[in-house]
Amino acid sequence: MQDIIIAIDGHSSCGKSTLAKSLAKALGYTYIDSGAMYRAVTLYFLRNDIQAEAGSRVDAALQDIHISFNKRNETLLNGENVEEEIRQMKISRYVSEVAAVPSVRKAMVQQQQRMGAGKKIVMDGRDIGTVVFPKAELKIFLTAKKEIRARRRHTELLEKGYESSVEEVMENLQHRDHIDSTREDSPLRQAADAVIIDNSVLSREEQLARALELARQAGATDRL
Ligand code: CDP
């Protein structure tokens, strides 16, 4: 038995954070939502009218951006709790453009690697198994049919009180998936040694059970 790093990657809105959170809880590990970090950077850019392109304004802004998480896994931008705001469509519309800027990625990846230095983490994102932790002991590539992903995200936004249409959400997922998969720096792709889980027809319990089995095979001990 050993402490391990678990990387969960996949397309937009396929349930990575739900799985990552429950897996981290079952193992007594820390959950880190790398997407929240790109969302927080995007919020900072929007507030300060910074364009998503390589250049000195972006580099200066990155010096001024400090992202952390509180005990409830909520995202803090320079100490301010921005968890609610970063989940809104105004951020989703712009985040993939921001996340494609190499200096933004470099700054986030450095921070993510520091967070994983002591192992015992579950991190979800797009490039965790390929770039951030290429040596992660367990890599999962999560996937689901796009209609199911759009419906789930639409319901999630409604539950939080944000109006949107399924069509608008679907369009946003496709837009982000396209940019995330075709950008030059660290595109979203499945690591050669990742295990695919398609959760289109799996319940939350079923996907957790499958991931826990994989974590045990990779050497982790769970608390259940
Ligand atoms: O939850 P959802 O799948 O909608 O997205 P997210 O994980 O919150 O990530 C938001 C965006 O951040 C993605 O669409 C990517 O553009 C970017 N991202 C990234 O480039 N690399 C990561 N490791 C995580 C997110």
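Analyst: We'll take the ligand, then the pockets.
This is a predicted model, with local features needing pLDDT of at least 70, side-chain atom pairs counting only at pLDDT 80 or more, and totals for chains, interfaces and linings using all residues. Residues are numbered from 1 along each chain as its sequence is written, and side-chain values use heavy atoms, leaving out hydrogens and water.

User: How many residues surround the ligand?
Analyst: 19 residues do, counted if a heavy atom lies within 4 Å of it. The closest are S13, R39, R105, D180 and R183.

User: How much of the ligand does the protein bury?
Analyst: 97% of the 530 Å² that the ligand exposes when taken alone (Shrake-Rupley method, 1.4 Å probe).

User: What is the make-up of the shell?
Analyst: Four nonpolar, six polar and nine charged residues. Gly counts as polar, and Asp, Glu, Lys and Arg as charged. Helix α2 gives the largest share, four residues (helices are DSSP runs of H or I, at least four residues).

User: Switching to the second largest pocket. What is its volume?
Analyst: About 250 Å³. Its lining has four nonpolar, five polar and three charged residues. α7 gives the most, with seven residues.

Key. Helix = DSSP H or I, 4+ residues; strand = E, 2+ residues; numbered from the N terminus. 1 Å grid on protein atoms, 1.4 Å probe; cavity = no way out; pocket = protein on both sides within 12 Å on 5 of 7 lines; lining within 4 Å. Points joined across faces, edges and corners; volume = space filled by probe spheres on them.
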